[in-house]
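Visitor: I have a model open and would like to learn how to read its features. Could you take me through them step by step?

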Amino acid sequence: MDDVSRMVARQYEAYAYPAPFTDLAARLAEGYFEYGNPADYAALLWPEGRPRRPLRILAAGCGTVQAAYLACTNRDSEVIGVDLSEA
């Protein structure tokens, strides 16, 4: 990992974003929303109005919750989340 990547990783270790939470289902019921979810934009992304299933979704720079959110809202898809920091 280069110096810039290490600095970014340290920043997100110290200040995880978004603030982590433990109950995704409860947050979804409260209206929690993440941009970029293929389930929400199918009509714009695929001419047929829906993608072929199952999707393989890569959440690069997923932060604390994006990969879990995508897995929860796209249950028939494979979701991989990667981030520089463990947080």
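Visitor: Which residues form one aromatic cluster?

Guide: This is a predicted model. Rings are taken as a pair when their centres lie within 6.5 Å. Here Phe21, Tyr32 and Tyr69 make up one cluster. The count of aromatic pairs comes to 3.

Visitor: How do I read the geometry of the rings of Phe21 and Tyr32?

Guide: Look at the angle between the planes; over 60 degrees counts as edge-to-face. The centres of Phe21 and Tyr32 are 5.3 Å apart and the planes stand at 65°, so this pair is edge-to-face.

Visitor: Which parts does that pair tie together?

Guide: Phe21 is in the loop between helix H1 (3-14) and helix H2 (24-29). Tyr32 is in the loop between H2 and helix H3 (38-45). The pair therefore ties together parts 11 residues apart in sequence.

Visitor: What sits over the ring of Phe21?

Guide: Check for a charge as well as for other rings. The charged end of Arg27 is placed over the Phe21 ring, 4.3 Å from the ring centre.

Visitor: What kind of aromatic pair do Phe33 and Tyr35 form?

Guide: Phe33 and Tyr35 are edge-to-face, with 90° between the planes and 5.0 Å from centre to centre. Phe33 has a relative accessible area of 39%, so Phe33 is partly exposed. Tyr35 reaches 64%, so Tyr35 is exposed.

Visitor: Let us turn to the fold. What pattern does the protein chain follow along the sequence?

Guide: List the elements in order. The pattern is α-α-α-β-α-β. The protein chain has 4 helices and 2 strands.

Visitor: In which sense do S1 and S2 pair?

Guide: Compare strand directions, then look at the bridges. Strand S1 (residues 56-60) and strand S2 (residues 78-82) pair in the parallel sense, over 5 bridges.

Visitor: Which residues of S1 are on the covered face, and which on the uncovered one?

Guide: Sort the strand residues by face. Ile57 and Ala59 belong to the covered face of S1. Arg56, Leu58 and Ala60 belong to the uncovered face.

Visitor: Where does Met1 lie, and what does Met1 touch?

Guide: Separate sequence distance from spatial distance. Met1 is in the segment before H1. Leaving out residues up to four places away in sequence, Met1 touches Arg6, Ala9 and Leu84. Met1 and Leu84 are 83 residues apart in sequence, with their C-alpha atoms 9.2 Å apart. Met1 has a relative accessible area of 56%, so Met1 is exposed.

Note on methods
Residues numbered from 1 in each chain as written. Predicted model: local features only at pLDDT ≥ 70, side-chain atom pairs only at ≥ 80, totals over all residues. Heavy atoms only, no water. Buried < 20%, exposed > 50% of the residue type's maximum accessible area, 1.4 Å probe, protein only. Pairing = 2+ DSSP bridges. Phe/Tyr/Trp six-rings, centres within 6.5 Å; stacked < 30°, edge-to-face > 60°. Lys NZ or Arg CZ within 6 Å of the ring centre and 35° of its normal. Contact = heavy atoms within 4.5 Å.
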